[in-house]
Amino acid sequence: MGSAVLRLTAARLAKRYLTPRWTALAASLACAAAFAIFSGLLLKMLRPAVNELIVRPRPGALAELPLLIAALAAGRGLAQALQGVTSNWVGNQLVADLQRDLFSRVVRSDLAQVRSKHSGVFVSQMLFDAGLVREASTNGLIGAVQQSLTLVAAALVMAFSDWKLALIALVASPVIAMTLRRFSRSAVSAASGAMKSSSALSTAILESFDGIRVVKIENSEEFEEKRVQAAIRSRQRHLLKGDNARALAAPVSETLMTWTVAAVLAYEGWQAGLGRTNIGAFLAFFAALMMAAQAIRQLANAFTVFGQGMTAARRLFETLDAEPRIRDASGARALRLSQARVQFENVGFSYGDEQVLEDVDLEAAPGETVALVGPSGAGKSTIVNLVPRFFDVTSGRVAIDGQDVRSVTLASLRDQIGLVTQEPFLFDDTIRANIAYSRPGASSAQIEAAARAAAAHDFIAQLPLGYDTQVGEAGLRLSGGQRQRIAIARVFLKDPPILLLDEPTSALDAESEIQIQEALGRLITGRVTILIAHRLSTVRGADRVYVIDRGRIVETGAHSALVRGSGLYSRLAQAQDLDHEPVAAS
Ligand code: ADP
């Protein structure tokens with residue numbers, strides 16, 4: 001990462017996440033400074049301690065010096081403890097903020113953006129990358145300040161103890177600093193790989209669970225194990241590379257430091273030979289040198305942690321900066337609904353380069369149910385997705401009661417639309433909460449009425465905990481039909497004037513289908529409905545059928561008329577052998 005990018009990332013991180021809790025941060029930094037000062041003072045005590053207690057005992061020193069040292073040590077311990085506590089607090093708050101911001105961004109982003117990455121990437125960013133940023137802001141930032149000050153304190157003690165010895169250490173320090181920098185760089189670059197491989201790992205894990213039935217039926221547990229193991233290994237490799245770079249920094253710098261010590265000892269031995277020595281000063285110098293060595297090592301570590309965190313922060317900011325393209329236009333007003341007439345006017349749409357819809361003119365008038373029929377991949381779901389603005393048209397417009405859906409607020413638009421899909425989604429919560437999801441705060445009576453309308457009340461009432469039954473992850477403890485009925489109850493409770501149905505019975509058995517057909521019949525009554533029909537039998541009740549082929553409407557009319565024709569609809573009906581009344585026979 002270039003230093004300009006690093007600065008920008010760090011500045012942004014500081015502004016958004018550190019400034020709001022600057023008091024705690026300042027307290028932590030003050031404690032770090034206090035720690036360094038106490039450490040320096042303790043070192044300074046070594047000289048009088050040795051000289052006045054041991055070499056040439058001074059009366060009174062015995063009562064003074066040990067107590068003073070004990071007090072300084074207590075002060076240093078307190079500073080260190082407070083620094084740890086405050087920086088942990090700042091770090092954890094920062095991670096929580098970052099996770100909250102990330103989730104808010106992701107949950108508000110466009111369908112297209114969410115689908116462009118596997119959810120595992122977001123999970124890994126929220127858990128792993130955010131942790132690296134926390135480390136950078138605590139151990140990295142505060143550690144760097146603490147160790148720099150400690151280094152300064154040690155350097156001062158060295159300079160005041162024996163400036164000639166200090167010169168020797170000064171000559172050695174750039175070599176040590178440069179060596180440590182190399183290790184730090186390689187650790188930072190490893191962090192980038194570790195983040196990518198963490199994403200790959202969480203993706204692999206989530207995929208194995210999402211597709212657990214496929215995994216089982218194909219007996220591919222072992223294959224999945226290997227796949228996840230490969231992801232784990234790749235992640236380990238990167239983490240290990242980073243850890244090793246950090247770990248190698250210690251022995252290398254220690255060896256260099258010890259060489260410095262050897263040089264210092266050689267000089268001191270030579271001085272002693274000349275009868276010029278001050279044992280107290282030498283010991284103080286020596287201890288300061290050791291402290292400096294440790295500070296340099298930890299400083300290098302702090303820089304590494306900081307660099308890794310900034311790499312992570314930059315990646316997180318990329319996610320945070322992905323502005324949703326589908327949002328309220330400036331000056332958007334709430335949808336004013338009178339009849340809920342839905343119109344597609346000359347609509348064209350493409351997901352990128354590929355033109356998916358062309359010249360689509362379609363209307364669902366008040367109270368009407370229109371059915372979309374056509375081969376798979378024709379564009380039926382795409383048409384449905386354009387109504388609640390899951391995607392925006394590329395040309396033409398979609399209007400509700402004459403108002404372009406792009407000119408009204410998203411919230412007011414989606415408030416008026418109910419959606420029932422083939423695979424109903426239930427949250428890992430109670431049945432009550434799952435139904436009330438469309439209308440938080442609904443009363444028990446309202447929830448029950450919705451469940452009755454959806455033919456769900458009877459089976460719910462038979463469950464031991466009734467409406468308070470917890471439905472497992474994705475509602476797996478219920479049958480497909482039961483889940484669908486809960487999803488339909490959710491829509492009843494919302495009571496929207498416009499309905500989008502992606503044939504909700506196509507995945508069900510005959511008996512469930514009958515119950516759900518009845519519930520859907522009640523749901524559709526009095527609303528404007530656009531229905532994707534996979535079974536032509538479903539289409540009979542529709543006021544109008546649009547036959548879609550390769551992104552265009554190729555036929556329009558009532559089922560009874562279309563089925564007698566010789567177009568695509570008639571061929572589809574024949575293929576399904578449903579309701580088909582051959583023209584020749586009539
Ligand atoms: P249908 O519902 O009739 O089966 P769709 O509306 O799902 O058809 O798809 C219409 C076309 O758009 C297909 O060619 C499909 O491959 C393409 N398509 C659907 N979703 C996407 C997407 N998110 N990105 C790119 N192409 C897509």
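**Pocket, ligand shell and salt bridges**

Guide: The second largest pocket holds about 670 Å³ of space. The model is a predicted one.

Visitor: Which residues lie closest to the centre of the second largest pocket?

Guide: The lining of this pocket consists of 20 residues. By class they divide into 10 nonpolar, 7 polar and 3 charged. The closest to the centre are R181, S184, R185, V188 and F303.

Visitor: Which elements give two or more residues to the lining of that pocket?

Guide: Elements here are helices and strands taken as DSSP runs. Those that give two or more residues to the lining of the second largest pocket are α1 (3–18), α6 (163–210) and α9 (279–321).

Visitor: Which element gives the most to the shell around the ligand?

Guide: The residues around the ligand are Y351, E354, V356, P375, S376, G377, A378, G379, K380, S381 and T382. By class, this shell has 4 nonpolar, 5 polar and 2 charged residues. With 3 residues, the element that gives the most to the shell is α10.

Visitor: How far is an oxygen atom of the ligand from an N or O atom in the side chain of S381?

Guide: A polar contact requires a pair of N or O atoms within 3.5 Å. On the backbone, an N or O atom of G377 lies 2.7 Å from an oxygen atom of the ligand, and a polar backbone atom of A378 is 3.1 Å from a ligand oxygen. For the side chain of S381, the distance from an N or O atom to an oxygen atom of the ligand is 2.5 Å.

Visitor: What percentage of the area that the ligand exposes when taken alone does the protein bury?

Guide: Taken alone, the ligand exposes 560 Å². Of that area, the share buried by the protein is 62%.

Visitor: How many residues apart are R16 and D101?

Guide: The count of salt bridges comes to 26. R16 and D101 form a salt bridge, and their closest N and O atoms are 2.8 Å apart. The pair links distant parts of the chain, with R16 in helix α1 and D101 in helix α3 (residues 61–108).

Technical notes:
Residues are numbered from 1 along each chain as its sequence is written. This is a predicted model: local features need pLDDT of at least 70, side-chain atom pairs count only at pLDDT 80 or more; totals for chains, interfaces and linings use all residues. Side-chain values use heavy atoms; hydrogens and water are left out. A residue is near a molecule or strand if one of its heavy atoms lies within 4 Å of it. A polar contact is a pair of N or O atoms within 3.5 Å; within protein, one must be able to donate a hydrogen and the other to accept it, and residues adjacent in sequence count only if both atoms are side-chain atoms. Accessible areas come from the Shrake-Rupley method with a 1.4 Å probe; for residues, only the protein chains shown count as cover. Helices (H or I, at least four residues) and strands (E, at least two) are DSSP runs, numbered from the N terminus. Ala, Val, Leu, Ile, Met, Phe, Trp, Tyr, Cys and Pro count as nonpolar, Asp, Glu, Lys and Arg as charged, and the others, Gly among them, as polar. On a 1 Å grid over the protein atoms alone, a cavity is a set of points where a 1.4 Å probe fits but cannot get out, and a pocket is an open set with protein on both sides within 12 Å along at least five of seven lines; lining residues have an atom within 4 Å of a point. Grid points are joined across faces, edges and corners, and a volume is the space filled by probe spheres set on the points. A salt bridge is a side-chain nitrogen of Lys or Arg within 4 Å of a carboxyl oxygen of Asp or Glu.
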